[in-house]
Amino acid sequence: MSKPRVNAESPVYSTSAPSGGIRIKGALLTQRSSSLFASLGGWRTVAEMFVSRVLFLISYLLTRDVLVSALVAVGGVIVFAVFRIWADRKYWQATAGLIMVGISAALAGATGEGVNFYLQDIVRNVGAAAVLLVSMLVSWPVIGLLIGFARGEGVSWRHDQDKRRRYQLCTAVFMAKFVVAPLVMLPFYLAGDVVALGIVATLMGTPAIAICVYCCWRILRTPAPDADPAPKPA
């Protein structure tokens, strides 16, 4: 009796494979989920944004000086950038984080309004939500593109209905975050409440992203519903 043939082009198992196939598929999808942050710079990039927001808020609470608070935030990110370059030689990721915080600091310092330090967060969330929505509507989910290219599989996942569905769900998770964040932050921005805006922006940053990543990890590691293990012999 011949053995069941497995499609060599696909990194996942055939539905006719034994029960170990479910574990193999879940493991491979879980590995791909870990590449999401790698493609975006990893936790260090997220930490840079988080620390800059916290430093600005603490400094503002202590000094009530927008310019000083902005400079403190930039100084903190410079330390991160230097460490990243020294440890990983990832120049563009370190530079990107510094530029983003530098823009926030410039907006706040130039206008003298502390809320403008967080204006970039509002704009960035709105823009990201729009991009993710469009990618889902055209069936090219951004999360699938990021993970696919980071893992070296390109866009081959589009031929796998299960993968495409999972990447759509993951993209929807992040889109929900990017939609909710500006809706929560905008009232505090318009009211000129720097402290409240700073707290909300910080919470809607790293903590919210961590929740999204966990949700995506759960989505990608769950076995396909139609991939039932082979029946046990009587």
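**Figure 1. The largest nonpolar core has 24 residues.** The residues with the most contacts inside this core are Phe56, Phe117, Tyr118, Met185 and Leu197. A nonpolar core is a set of buried Ala, Val, Leu, Ile, Met, Phe, Trp, Tyr and Cys residues joined through side-chain atoms within 4.5 Å. Buried means under 20% relative accessible area, exposed over 50%, and partly exposed in between (1.4 Å probe, protein chains only). At least two core residues come from each of α2 (42–63), α3 (66–88), α4 (91–111), α7 (161–191) and α8 (194–203). The largest share, five residues, comes from α3. Helices (H or I, at least four residues) are DSSP runs, numbered from the N terminus. The model is predicted: local features need pLDDT of at least 70, side-chain atom pairs count only at pLDDT 80 or more, and totals for chains, interfaces and linings use all residues. Residues are numbered from 1 along each chain as its sequence is written, and side-chain values use heavy atoms, with hydrogens and water left out.

**Figure 2. Tyr118 and its contacts.** Leaving aside neighbours within four places in sequence, Tyr118 is in contact with Arg53, Phe56, Leu57, Val194, Leu197, Gly198 and Ala201. Contact means heavy atoms within 4.5 Å.

**Figure 3. Arg53, Asp121 and Arg124 are linked in a network of salt bridges.** A salt bridge is a side-chain nitrogen of Lys or Arg within 4 Å of a carboxyl oxygen of Asp or Glu. Arg53 and Asp121 meet at 2.6 Å, N to O. This pair links distant parts of the chain: Arg53 is in α2 and Asp121 in α5 (residues 119–137), 68 residues apart. Arg53 is buried, at 2% relative accessible area. Asp121 is also buried, at 4%. Asp121 pairs with Arg124 too, with the closest N and O atoms 2.9 Å apart. Arg124 is partly exposed, at 31%.

**Figure 4. Asp160 is buried yet has no salt bridge.** Asp160 sits in the loop between α6 (142–150) and α7. The nearest side chain of opposite charge, Lys163, is 5.0 Å away. Lys and Arg count as positive, Asp and Glu as negative; His and the chain ends are not counted. The backbone nitrogen of Lys163, however, lies 3.1 Å from a polar atom of the Asp160 side chain.

**Figure 5. The count comes to zero disulfides.** A disulfide is a pair of cysteine sulfur atoms within 2.5 Å. For Cys170, the nearest cysteine sulfur, that of Cys216, is 3.6 Å away. Cys170 is buried, at 0% relative accessible area. For Cys212, the nearest cysteine sulfur, that of Cys215, is 6.5 Å away.

Methods. A polar contact is a pair of N or O atoms within 3.5 Å; within protein, one must be able to donate a hydrogen and the other to accept it, and residues adjacent in sequence count only if both atoms are side-chain atoms.
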